[in-house]
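Visitor: Hello! Could you show me how to read sheets and helices in a model like this one?
Guide: Gladly; let us look together.

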Amino acid sequence: MRDKTGNISCVLADFYTLRKDVESTTERVQDIRDSAGLEQLEEDFLNLEKKSADTSLWDDRAKAQETLLALTDIKDKIKLLAEFKSQIEDAETIVKLTEEMESIDNGLLEEATGIIRNLSKALDQFELTQLLSGPYDKEGAVISITAGAGGTDAQDWADMLRRMYVRWGEKQCFKTRVVEKSMGEEAGIKSATIEIEGRYAYGYLSGEKGTHRIVRQSPFNSKGLRQTSFSGVEVMPLLPEESVGVEIPEEDLDISFSRAGGSGGQNVNKVETAVRIVHIPTGVAVRCTEERSQLANKIKALSRLKAKLLVIAEEQRASEIKQIRGDAVKAEWGQQIRNYVFHPYKLVKDVRTGIETSDIASVMDGEIEPFIKAFLKYKYSKNLKSSYVLL
Amino acid sequence: MAFPYNSFSRTIRSIMSPRNLSQPSSIHLNQPQTPLFLKSPIHQTPLSSLTQFQTWAKTLIQSKGSNFPTIDNGPDTNHLFRELKWFLEDAGFNRDDDEDIVRLRVGLDELYLLWKQRIVERRPFQYVVGCEHWRDLVLSVEEGVLIPRPETEVIVDIVEELIKKEEEEEDENEVMMKEGLWVDLGTGSGALAIAIARALGKGGRVIATDLSPVAASVAGYNVGRYGLQDKIEIRIGSWFKPLEDVKREVVGLVSNPPYIPSDQILGLQAEVGKHEPRLALDGGENGMVDLLHLCEGAASVMKSGGFFAFETNGEMQSKFLLDFTMNKSKGCFRDVKIVSDHSGIQRFVTGFFV
C-alpha cells in the first residue's frame with residue numbers, strides 16, 4: 001500500500017490508528033445496542049403502537065398523552081440506535097475497501113475519521129442521557145460517611161473513603177467541600193459529610209450508596225492481624241433550598257438536639273448545636289452539625305431530609321412522600337456494595353457489577369470512574385426490563 | 001457587606017435619652033469591638049504560613065485540649081477542631097481558594113495569639129471571633145457580655161408561636177401581642193430583643209434593658225446591624241427601674257436573668273466561670289434572687305393579659321417559680337407552666353398576667 005505522495009509509513013500509521021478506532025467503536029456500538037435492550041425496545045414499540053391505535057386511547061387524556069410521549073421517545077431511541085449501526089458500518093466499509101485497494105485514498109480516510117469522531121461524541125451523549133436520566137441526577141451531591149463498629153480501624157477506613165471521594169471530586173473539577181467531620185479518638189473519623197457541587201455529581205455518585213468493606217492488616221494492632229472493617233456511605237442530591245417544594249407535616253417529624261451536658265443554659269458554653277431529625281412514618285433520619293446555630297442546623301437538616309425522602313420516593317416509584325412504604329426503606333447503610341482487599345492480595349471488587357481491579361492505590365486516590373460507569377450501566381439494563389412494560 | 005454605622009450612632013443616642021442618664025459617660029468608653037468576620041481582609045499571608053499555623057493549632061488542641069472535658073466538663077477535641085475551622089473561616093481563609101496568598105482579616109501574629117488565648121487561657125471561642133451565631137442572627141459579643149446560649153433560642157420559638165396563634169384567631173382587636181410593647185430585661189448582646197422584634201408586626205416595639213453599659217453598647221451595635229433601631233430601644237438600669245414610664249403597658253416580658261447559685265460559679269467550665277461576666281451569671285445564694293425579683297416586679301409593668309417567659313437554671317428553680325407564682329402572688333398570673341429546653345431540662349417558666 002502506498003499513497004500518491006509515496007509517504008508510506010506515516011499514512012500507514014494513520015490507517016492502523018483508524019482501523020483500531022473503528023474496531024473499538026464497533027464494539028462500543030454493539031455494547032450500547034445490547035445494553036439498550038434493542039429487542040425489548042422493539043417489542044415495547046409494537047405494544048405502544050397497538051395501544052395508540054386503540055379507539056379507547058383518548059378516554060383518559062393524561063394516559064393517552066403519556067403513551068404518545070413514550071412512543072415518540074422509544075421511536076427516537078430505536079432510530080438513534082439504527083443510525084449508530086449504519087454509521088459504524090460506513091466506517092467499516094471504508095477500512096475494508098482500503099485494505100483491499102493497492103493505495104490509500106486520503107479523502108476516504110478522512111471521511112472515516114470524521115465519522116468515528118462524530119459517532120464517539122454521539123455515543124458519549126447517548127450514554128450520559130440514558131444512564132443519567134433520573135430526576136436528580138443533574139444535581140450536586142451530599143455524601144455522608146459513617147465509620148462502622150470496630151473502633152480505630154473502622155474510623156481510619158472511613159477517613160480513607162472520605163479522601164477517596166474528595167480526590168474524585170477534585171479530579172472532576174467539582175467544588176468539593178468537607179462540611180462536617182467528627183474525629184475518631186485515636187485516628188480517623190467517626191463521620192464526615194462532603195458536599196460536591198457540579199453537574200451530574202449526584203447521578204454519578206448515587207450508586208456509591210451502601211456499605212464499603214475493607215480487609216487488611218491492621219496498622220493499629222501490634223500483631224498486625226488481618227482485620228475486616230466497614231463504613232457506610234450515603235448519597236443525597238444537593239438540592240437548592242427553594243427547589244425542595246415538599247411540605248412534611250410537623251407531627252411526622254421527631255426533632256432532637258444535642259445536649260450541652262450537665263445543667264446546660266448559662267452553666268455551659270459549647271459550640272455543639274447538632275440537630276437530628278427522624279421522619280417518623282419511614283424511620284429515615286438525618287443529622288446536621290456543621291452550621292453554627294441550632295436553627296441553621298435545623299433548617300439544613302430539614303432540607304437534607306426532604307432530599308433523602310424524595311430520592312427514596314423516586315426509588316420506590318412513589319409519586320409523593322406520603323406513599324413511601326416505610327417498611328421497604330432499608331437499614332440506614334443498605335447492602336454491602338464493594339470490597340477493598342489490601343491483604344493477603346490486592347483487589348477492589350464491586351459486589352453488584354463484578355467489576356474488579358488490583359490497582360487499589362489508584363482507587364483510594366479517587367480513580368473510581370470504572371466502578372461508577374459499570375454500576376450505571378448495570379442499573380440501566382436492570383431498570384430497562386420494567387420501564388416501558390408498566391404503561 | 002452593608003453595614004449601617006450611622007444607624008448605630010442613632011441607637012446610642014436613644015440610649016442617652018434623658019430618663020437614662022444614670023451612667024451616660026461610660027458609653028463613650030465602650031465602643032463595641034468589631035467582630036473578626038467584619039474586619040477588612042488586608043493581611044496578605046502566604047498559604048504555607050497558614051498551613052503551618054493550622055498544624056500548630058491542631059497540635060495545641062491535642063496536647064492541651066484533650067483533658068478539658070475531665071477537668072471541668074469543658075469542650076472536647078472535636079469541639080475545638082470545629083472551632084478552629086470556624087475561626088479560620090471568620091479570619092478570611094476560604095478553603096476553596098487555591099491561591100498562594102491568602103488575604104486574612106488579622107495578621108499572622110494575632111492569629112497565633114488569639115488561638116493561644118482560646119486554648120491556653122480558655123477564652124471563649126465567641127469572644128475570640130467576637131460573635132455568636134444564634135438562630136438566624138450573627139451577634140457581636142465581647143468580654144463583659146453574656147454569650148447567648150442555644151437553649152435560649154426556644155424563648156423565641158415560644159413567642160413566635162404565641163403571635164401566630166393570635167393571628168389565627170383572627171380577632172382584629174386581639175393582635176395585642178404582635179403590635180404591643182415587649183421588654184427584654186437583662187438583654188446582654190440583645191439576642192432576645194432582636195429576635196422578638198423581627199417577629200413582631202409594624203406597631204410592635206421592644207425595650208431592652210441592661211445594667212451593664214458594655215452590654216448596652218454591644219446590644220446597640222447589634223440592633224443597628226439588623227436595622228432595628230426604630231423598633232428597639234436600649235435602656236441602662238437595673239431590672240424594672242428603667243421602665244417607670246411604661247407601667248401597665250407591657251404585653252410581653254422575657255428575661256434570661258442570672259440564675260447560677262453563687263457557690264457554683266467557681267466550679268463552672270473555665271470559658272464561663274473565668275471569662276463571662278459574673279453580673280450575668282450569679283443569681284445569688286440559691287440562684288433565684290433575680291428571678292424572684294422579676295416575678296414580684298412584673299405586676300407593676302405588665303398589661304392585663306400580657307405574657308411572660310423566664311429562663312431558669314432548670315428543674316428545681318422552675319418548679320419553685322411555678323409554685324411561687326401560683327401561691328404567693330395568687331391571682332396575678334394564669335396559665336403558668338414549665339417548658340423544657342431541647343435537652344429535656346425544665347428550663348422556662350411562662351404564663352400570662354391576669
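What follows is a short tour of sheets, helix pairs and backbone details.

Guide: First, some ground rules: this is a predicted model, in which local features need pLDDT of at least 70, side-chain atom pairs count only at pLDDT 80 or more, and totals for chains, interfaces and linings use all residues. Residues are numbered from 1 along each chain as its sequence is written, chains are lettered from A and ligands numbered from 1 in the order in which they are written, and side-chain values use heavy atoms, with hydrogens and water left out.

Visitor: In what order do the eight strands of the open sheet in chain A stand?
Guide: The general idea is that strands of a sheet pair through backbone hydrogen bonds, either parallel or antiparallel. In chain A the order is β2-β3-β1-β5-β4-β9-β10-β11, with mixed pairing. Strands here are DSSP runs of E with at least two residues, helices are runs of H or I with at least four, and both are numbered from the N terminus. Two strands pair if DSSP finds at least two bridges between them.

Visitor: Which strands of chain A stand at the edges?
Guide: They are β2 (175-183) and β11 (356-357) of chain A; each has a single partner strand, so one side of each is left without a neighbour in the sheet. The partner β3 (residues 189-197) of chain A runs antiparallel to β2(A), and eight bridges join the two. You can find one pair by eye: Lys175(A) has Glu197(A) in β3(A) as its bridge partner.

Visitor: Which helix of chain B lies across β2 and β3 of chain A?
Guide: That is helix α5 (residues 77-90) of chain B, running at about 150° to β2(A). Angles run from 0 to 180 degrees between N-to-C directions, and axes are lines fitted to C-alpha atoms, for helices over the stretch in contact.

Visitor: How do I describe two packed helices?
Guide: Two packed helices are described by the angle between their axes and the distance between the axes. Take helix α3 (residues 47-64) of chain B with α5(B): their angle is about 155° and their axes are 10 Å apart. That makes α3(B) roughly antiparallel to α5(B). Angles under 35 degrees count as roughly parallel, over 145 as roughly antiparallel, 65 to 115 as roughly perpendicular and the rest as oblique.

Visitor: What classes of residue make up the contact of α3(B) with α5(B)?
Guide: It has nine nonpolar, three polar and one charged. Ala, Val, Leu, Ile, Met, Phe, Trp, Tyr, Cys and Pro count as nonpolar, Asp, Glu, Lys and Arg as charged, and the others, Gly among them, as polar.

Visitor: At what angle do α5(B) and α6 of chain B cross?
Guide: α5(B) and helix α6 (residues 108-119) of chain B cross at roughly 155°, and their axes come within 12 Å. α5(B) and α6(B) are therefore roughly antiparallel to each other. Leu80(B), Glu83(B), Leu84(B), Phe87(B) and Leu88(B) in α5(B) meet residues of α6(B) including Leu111(B) and Trp115(B); contact means heavy atoms within 4.5 Å. This contact of α5(B) with α6(B) has eight nonpolar, no polar and two charged residues.

Visitor: At what angle do α8 and α10 of chain B pack?
Guide: Helix α8 (residues 153-168) and helix α10 (residues 191-199) of chain B pack at about 20°, with axes 10 Å apart. That makes α8(B) roughly parallel to α10(B). Among the residues of α8(B) in this contact are Ile155(B) and Val159(B), while Leu192(B) and Ile196(B) are among those of α10(B).

Visitor: What is the strand order of the open sheet in chain B?
Guide: Its seven strands run β7-β6-β5-β8-β9-β11-β10, with mixed pairing. The edge strands are β7 and β10 (333-340) of chain B, each pairing on one side only. The twist averages 15° from one strand to the next. Strands β5 (residues 181-185) and β6 (residues 205-210) of chain B pair in the parallel sense over five bridges, and Leu185(B) stands opposite Thr209(B).

Visitor: What should I look for in the backbone?
Guide: Most residues other than glycine have a negative phi, and most peptide bonds are trans. Here a cis peptide bond joins His343(A) and Pro344(A), with omega about 10°. Pro344(A) is found in the loop between β9 and β10 (347-350) of chain A. Arg248(B) has a positive phi, near 60°, and lies in the loop between β7 (232-236) and β8 (250-255) of chain B.
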